[in-house]
Amino acid sequence: MQYFILPTEYKQHDLMNEKYLLGEQSFKVFWAGTGFESLQRIIIEAPDVLDNICILDDKGKDYTVEEFLEAIKKLQVREQN
């Protein structure tokens, strides 16, 4: 399953841009994408912005940031270096 991060004013068709890809869940591993790096930076540097973020999966289900982090909590997170 793939997860995407979008500012709330953006539309789902904007997901085609890789910078919005949070990552992909596969075999108990979360393969982090470019958007995951952005999410981490927002959490640290601008947590007030979190209310203006929408997270979607590839089936169209939306998540809050907290729900997304809970969903990947038990997965091994691997970031590309």
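**A chat about the model**

Q: Hi! Is Lys-73 buried or exposed?
A: Lys-73 has a relative accessibility of 53%, so Lys-73 counts as exposed. The cut-offs are under 20% relative accessible area for buried, over 50% for exposed, and partly exposed in between, with a 1.4 Å probe and protein chains only.

Q: What should I know about the model and the numbering before we go on?
A: This is a predicted model, in which local features need pLDDT of at least 70 and side-chain atom pairs count only at pLDDT 80 or more, while totals for chains, interfaces and linings use all residues. Residues are numbered from 1 along each chain as its sequence is written, and side-chain values use heavy atoms, with hydrogens and water left out.

Q: Good. Which side chain does Lys-73 meet in a salt bridge?
A: Glu-70: the two side chains form a salt bridge at 3.1 Å, N to O. The rule asks for a side-chain nitrogen of Lys or Arg within 4 Å of a carboxyl oxygen of Asp or Glu.

Q: And how many salt bridges does that rule give?
A: The count comes to one salt bridge.

Q: Let's zoom out. How many helices and strands are there in the protein chain?
A: The protein chain has two helices and six strands, and from the N terminus on they run β-β-β-α-β-β-α-β. Helices (H or I, at least four residues) and strands (E, at least two) are DSSP runs, numbered from the N terminus.

Q: What share of the residues is buried?
A: Buried residues make up 31% of the 81 residues in the protein chain.

Q: And what about contacts between residues 24 or more positions apart?
A: Such residues account for 50% of the contacts in the protein chain with a separation of 6 or more. Contact here means heavy atoms within 4.5 Å.

Q: On to the rings. How many aromatic pairs does a search of the whole structure find?
A: The search finds five aromatic pairs. Rings of Phe, Tyr and Trp (its six-membered ring) pair if their centres lie within 6.5 Å; planes under 30 degrees apart count as stacked, over 60 as edge-to-face and the rest as tilted.

Q: Why is the pair of Tyr-3 and Phe-30 called tilted?
A: The ring centres of Tyr-3 and Phe-30 are 6.2 Å apart and the planes are at 55°, so the pair is tilted. Tyr-3 lies in strand β1 (residues 2-7) and Phe-30 in strand β3 (residues 29-32), so the pair ties together parts that are 27 residues apart in sequence. Both Tyr-3 and Phe-30 are buried.

Q: What does Phe-30 do with Phe-68?
A: Phe-30 and Phe-68 form an edge-to-face aromatic pair, 5.7 Å centre to centre with 70° between the planes. Phe-68 lies in helix α2 (residues 65-72) and Phe-30 in strand β3, so this pair ties together parts that are 38 residues apart in sequence. Phe-68 has 0% relative accessibility, so Phe-68 counts as buried.

Q: Which residues do ring pairs link into a cluster?
A: The cluster holds Tyr-3, Phe-30, Phe-36, Tyr-63 and Phe-68.

Q: Change of topic: what is the volume of the largest pocket?
A: The largest pocket has a volume of about 200 Å³. Its lining residues include Leu-21, Trp-31, Thr-34 and Glu-79.

Q: Which element gives the most to that lining?
A: Strand β2 gives the most, with three residues. β2 (21-26), β3 and α1 (34-45) each supply at least two residues of the lining.

Q: How do you define a pocket and its volume?
A: On a 1 Å grid over the protein atoms alone, a pocket is an open set of points where a 1.4 Å probe fits, with protein on both sides within 12 Å along at least five of seven lines; lining residues have an atom within 4 Å of a point. Grid points are joined across faces, edges and corners, and the volume is the space filled by probe spheres set on the points.

Q: Last one: what is phi for Phe-27 and Lys-28?
A: Phi is near 50° for Phe-27, a positive value in a residue other than glycine, and near 65° for Lys-28, also a positive value in a residue other than glycine. Phe-27 is found in the loop between β2 and β3, and Lys-28 lies in the loop between β2 and β3 too. At 80% relative accessibility, Phe-27 counts as exposed, and Lys-28 counts as exposed at 70%.
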